[in-house]
Amino acid sequence: MKRTAFTWLLWLWIAAVIVGAFDYAPLAARFIGQSSRILFFHVPMAWAAFTAFVTAGVYSLRYLFGARQPDGLRDPRHDRAARAAIELGLLFGVLATVTGAIWSRIMWGSWWNWDPRQTSIVMALIFNGAYLALRDAVEDAEKRARLAAAYAALGLAVTPFFFFVVPRITFSLHPEPVINASGRVEMESRMLQVLLASGAGFTALFFWLHRLRTGLLALADRALAAAPRAALAPAAASRAPVASTE
Amino acid sequence: MSRPASTWTREAAAVFAKEWRCELRTRYALNTLALFAINTLVVVSAGLGPLGAVRGQSGETLPVLLWLILLFAAAAGLPRSFVHEEETQTATALRLAATPSALFCGKLAYALTLLAGLEALVGPLFLAVMNLEVARPGLLAATLAAGGFGLAAGSTLVAAIIAQARGKGTLFAVLSFPVLLPLLLLSVELTRGAFGGGPPGMALIQLILYDGAVTTAGLMLFPVVWNP
């Protein structure tokens, strides 16, 4: 009941953000046409992708170094949570990249400019893709979880360098972040309200989807564990009449 | 389980010596790294023309090529160290003989010496073939040392991961590239400074911090990668 209420509240919130983005917030100065409205979705998507990345790193660390199960094995729930976060990070990362490219085409005249934030998000996407490729390359479930968790933790260790190094090296055309180097919030109040509401909405959306995906992966694991028994049962049944005809 | 420091050092030194003994028997990594680097250097040099890149632009473009040659040569030779253990089924014996941290440091020292040799070969050749003059040789040496260290540390951990997976060769490049990109960007920026005479600024400190972060992560994560 509580969960249903939360889901409905989330959809209402997102709907209100959409209405607010197109009707309540004013257009930003020096932006071509209506292009500034994409900001209310593009920035929260990038934020959700970042949240997903950190979530995956934290769950991976918990998988590797957290409390073990009574049988001495590592807790597979943390592995499923890390994998789900990486998959969602890929989804939100692609959405942020596409919305960013659309905006870039309108404002800068080209789809891609190797802007520092574009570089960072592409590297995050490649990292997420590499994580999933690694998972596909290992057959044993425990080994797969352990190696993937170690790789995600390594990614977490080098992440700060993407945020501090890449923007410093490359010239950026990107609009100033909401809270800039001087620590001041420079945005029209209604725009800021919608942006913050959208940020909160997308963060909640990420965690809602994450819970769903983690549950789905748990079901898939349970089905896989039961699969050998189910697969053997019909085989045994089909062998019986063959044996009787001989 | 903690062991005395002298035992740990002996284990790490033994792993390092074993790596070089095995390497000198087959010379697989030495041949791969050296020939791959020289072949790539010849291709790059021939592609840019007999006199090197256009004067005035060479300082901008050539550092990228130098670090790409080093990265891909490392990717061709370094994973072998762990893949070989899995293929010859010596990994279990190694697990019994040395603590994971000593093993990691022994393998890291081997990768470091291999990369130092590669840089000693490629660096002067690159400068000669491309007609480059170095305005700040000290900065170039520091960049090659710090960049090489980070490359070795990142590659050692990724090599330990991919050795236990399928499709090892291609997987190494896929997994190591996102991890090594900050190192490449910083090294390229510093090498540009060394060629053009610009000050290193914060980049050298950031590169050393990156090395520290990757080595710490390696020491922390290697035991869980190596031991089931």
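Me: What percentage of the residues in chain A is buried?
Reply: This is a predicted model, so keep that in mind throughout. Chain A has 246 residues, and a residue goes into the buried group if 20 or more other C-beta atoms lie within 10 Å of its own. The buried share of chain A comes out at 33%.

Me: How many helices and strands are there in chain A?
Reply: Going from the N terminus, the elements of chain A read α-α-α-α-α-α-α. The tally for chain A is 7 helices and 0 strands.

Me: Of the contacts in chain A between residues at least 6 apart in sequence, what percentage joins residues at least 24 apart?
Reply: A contact here needs C-beta atoms within 7 Å. Among the chain A contacts that span at least 6 positions, the share that spans at least 24 is 76%.

Me: Is A:Met107 buried, exposed or partly exposed?
Reply: A:Met107 sits in helix α3 of chain A, residues 76–108. Buried takes 20 or more neighbours and exposed takes 12 or fewer. A:Met107 has 17 C-beta neighbours inside 10 Å, so it counts as partly exposed.

Me: Which residues does A:Met107 touch, leaving out those up to four places away in sequence?
Reply: A:Arg3 is 104 residues away along the chain, and its C-alpha atom is 41 Å from that of A:Met107. With sequence neighbours up to four places away set aside, the residues touching A:Met107 are A:Phe31, A:Ile32 and A:Ser35.

Me: Which element gives the most to the side of chain B that touches chain A?
Reply: On the chain B side 25 residues are in contact with 24 of chain A. Elements giving two or more residues to that side are α7 (137–162), α8 (168–196) and α9 (203–226) of chain B. By class, that side has 20 nonpolar, 3 polar and 2 charged residues. With 11 residues, the top contributor is α8(B).

Me: How are α6(B) and α9(B) oriented, roughly parallel or roughly perpendicular?
Reply: The axes of α6(B), residues 100–129, and α9(B) come within 9 Å and cross at roughly 110 degrees. Angles of 65 to 115 degrees fall in one class, so α6(B) is, relative to α9(B), roughly perpendicular.

Me: How many nonpolar, polar and charged residues does the contact of α6(B) with α9(B) have?
Reply: α6(B) passes α9(B) in a right-handed crossing. From α6(B) come B:Pro100, B:Ser101, B:Leu103 and B:Phe104, and from α9(B) come B:Gly218, B:Leu219, B:Phe222, B:Pro223 and B:Trp226. Sorted by class, this contact has 7 nonpolar, 2 polar and no charged residues.

Terms used. Residues numbered from 1 in each chain as written. Chains lettered and ligands numbered in written order. Predicted model: local features only at pLDDT ≥ 70, side-chain atom pairs only at ≥ 80, totals over all residues. Contact = placed C-beta atoms within 7 Å. Helix = DSSP H or I, 4+ residues; strand = E, 2+ residues; numbered from the N terminus. Nonpolar A, V, L, I, M, F, W, Y, C, P; charged D, E, K, R; others polar. Axes fitted to C-alpha atoms, helices over the stretch in contact; angles between N-to-C directions. Parallel < 35°, antiparallel > 145°, perpendicular 65-115°, else oblique. Left-handed = near helix turned anticlockwise from the far one by under 90°.
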